[in-house]
Amino acid sequence: MNKKTVSKVNLFFSGLVSRMEENRDFFTDITINFKSGTKIFPAKISYDGYVTFDYQAVKRQVQTGELWDILSDELLKYDEAQIIYSERGARIVVEASDKKVNMRHEDTAAQVNKTSVVQTGREYVVNPALAKDLLTEIGILAQNGKIKNDKIRKYNQIDYFVELMKGVLKEIGERDEYVILDAACGKSYLSFVLNFYMREILKKKCHFIGVDYSPVVIDASKRMSKNLGYNNMEFIRADLTEYTPSARPDIVVSLHACDTATDMALSLGIRSKSRAIVSVPCCHKDILKQYSYEPFEAITKHGILKARLADTLTDGIRAAYLESVGYKVSMIEYISPLETPKNIMIRAVYTGNRNEKSAKDYENLKQVLNVKPAVERFSEGKQL
């Protein structure tokens with residue numbers, strides 16, 4: 001290639017390098033295919049704490065500013081070149097010869113047949129055909145590319161949860177980067193799938209924080225994020241009642257945190273003034289052990305009925321408390337009860353305005369039922 005062509009390539013390449021630096025959490029690599037006649041000589045630029053240039057079986061660490069000097073010298077030796085910039089969810093291809101230099105953007109998700117895997121009669125938001133590497137890594141997919149039989153219900157629940165997040169994102173508005181905190185994250189299935197959806201489907205910048213008290217699940221989540229190259233994730237072992245995020249989260253999520261762990265998650269969102277809180281509660285034992293209501297004794301003397309009523313009372317009390325401290329709350333049945341009976345989703349978006357009626361209703365419920373709800377107990381800690 002002549003110097004004029006190489007100069008044109010420089011305009012595109014400098015933009016790619018700037019994008020690499022800006023999107024390091026999502027950057028995969030830059031592949032360069034130098035062409036001479038029918039022969040191709042590949043090179044690769046990668047980043048793992050430092051920039052590496054891999055060419056002709058030699059790897060060397062370089063400064064970002066050195067990349068163009070290296071590349072321009074090589075381009076002059078060849079007839080053509082193809083530069084492929086890859087990051088999660090997108091590719092940019094620059095093709096150069098003395099005849100023309102052009103650039104095109106490719107959506108990697110759009111190139112996959114989205115209906116190639118239909119296993120349960122519904123089209124997934126995060127389709128296994130798009131997210132094969134992710135779902136295999138977290139143990140949802142078998143080696144044959146199909147969802148494991150014992151994971152179908154779990155994946156349906158996660159996928160429905162993710163589908164409903166689009167509305168929540170719209171409500172809190174556009175952000176330069178969304179910070180998502182997964183409280184009582186467990187194996188972090190939700191965080192990984194939501195991360196994929198937000199970055200590779202919606203093309204949004206996002207950072208995920210998973211918090212759990214178990215060192216086993218935290219270590220496992222760290223390994224999986226490293227294996228996947230999901231550099232926009234961190235996992236922290238901490239007690240939810242003592243943990244305080246370093247910055248205000250945009251969304252606190254929690255899926256099936258058991259009993260008062262749901263209250264811990266809600267309270268963490270309240271204390272940190274999260275712009276939204278989305279939770280699917282699990283077991284409800286705290287209010288069950290406390291509440292009594294004389295007019296209902298003919299009903300609550302039956303243990304199974306008292307337990308079912310406690311489920312409704314618990315989530316209703318949680319909603320009233322969230323409203324009282326400034327959240328707009330909606331409750332939906334987010335998935336079929338055939339998938340799981342624990343299928344109520346609490347969606348709360350921060351308004352900043354206390355709802356005095358809800359505050360009175362909440363105090364009245366406490367008095368009438370003779371309870372001190374966990375969501376209030378855990379919310380009395382330090383706030384951002």
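K328 is partly exposed, with a relative accessible area of 47%. Here buried means under 20% relative accessible area, exposed means over 50%, and partly exposed lies in between, using a 1.4 Å probe and protein chains only. E171 is also partly exposed, at 42%. The side chains of K328 and E171 meet in a salt bridge, with 2.9 Å from N to O. This pair links distant parts of the chain: K328 belongs to strand 13 and E171 to helix 4, and 157 residues separate them.

The model is a predicted one, in which local features need pLDDT of at least 70 and side-chain atom pairs count only at pLDDT 80 or more, while totals for chains, interfaces and linings use all residues. Residues are numbered from 1 along each chain as its sequence is written, and side-chain values use heavy atoms, with hydrogens and water left out.

**The chain as a whole**

The protein chain has 12 helices and 14 strands. Both are DSSP runs numbered from the N terminus: helices are H or I with at least four residues, and strands are E with at least two. The C-alpha trace spans about 90 × 45 × 35 Å along its principal axes. Of the 384 residues, 51% count as buried. Among contacts (heavy atoms within 4.5 Å) between residues at least 6 apart in sequence, 67% join residues at least 24 apart.

An open sheet is built from seven strands in the order 10-9-8-11-12-14-13, with mixed pairing. Two strands pair if DSSP finds at least two bridges between them. Strand 10 (233–237) and strand 13 (327–333) stand at the edges with a single partner strand each, so one side of each has no neighbour in the sheet. On average, neighbouring strands of this sheet are turned by 15° against each other, direction ignored.

Both kinds of pairing can be followed in detail. Strand 12 (residues 276–280) and strand 14 (residues 344–350) run antiparallel and are joined by four bridges; within strand 14, R347 is the bridge partner of V278. Strand 9 and strand 10 run parallel and are joined by five bridges, and I209 has E234 in strand 10 as its bridge partner. The chain goes from strand 9 through helix 6 to strand 10, a right-handed β-α-β crossover. Right-handed means that, with the strands pointing away from the viewer, the path from the first strand over the helix to the second runs clockwise.

**Helices on the sheet and beside each other**

Helix 6 (residues 215–228) lies across strand 9 (206–212) and strand 10, at about 165° to strand 10. Axes are lines fitted to C-alpha atoms, for helices over the stretch in contact, and angles run from 0 to 180 degrees between N-to-C directions. Helix 4 (residues 152–172) lies across strand 8 (178–183), strand 11 (251–255), strand 12, strand 13 and strand 14, and runs at about 160° to strand 11.

The axes of helix 7 (residues 260–271) and helix 10 come within 11 Å and cross at roughly 10°. Helix 7 and helix 10 are therefore roughly parallel to each other, a label for angles under 35 degrees, whereas over 145 is roughly antiparallel, 65 to 115 roughly perpendicular and the rest oblique. T262, D263, L266 and I270 of helix 7 make the contact with R318, Y321 and L322 of helix 10.

Helix 2 (residues 67–75) is mostly covered, with seven of its nine residues buried. The buried residues are L67, W68, I70, L71, S72, E74 and L75. Among the elements that cover them are helix 1 (3–22), strand 1 (27–36) and strand 5 (80–87).

**Salt bridges**

The structure holds 21 salt bridges. Each is a side-chain nitrogen of Lys or Arg within 4 Å of a carboxyl oxygen of Asp or Glu. The table lists three of the pairs.

| Pair | N to O distance | Location |
|---|---|---|
| R19 and E87 | 2.8 Å | helix 1 and strand 5, 68 residues apart |
| K328 and E171 | 2.9 Å | strand 13 and helix 4, 157 residues apart |
| R318 and D315 | 2.9 Å | both in helix 10 (residues 303–324), three residues apart |

R19 counts as partly exposed at 26% relative accessibility, while E87 is buried at 4%. R318 and D315 are both buried, and their spacing is about one turn of helix 10. Elsewhere, R91, E95, R104 and E106 are linked in a network of salt bridges.
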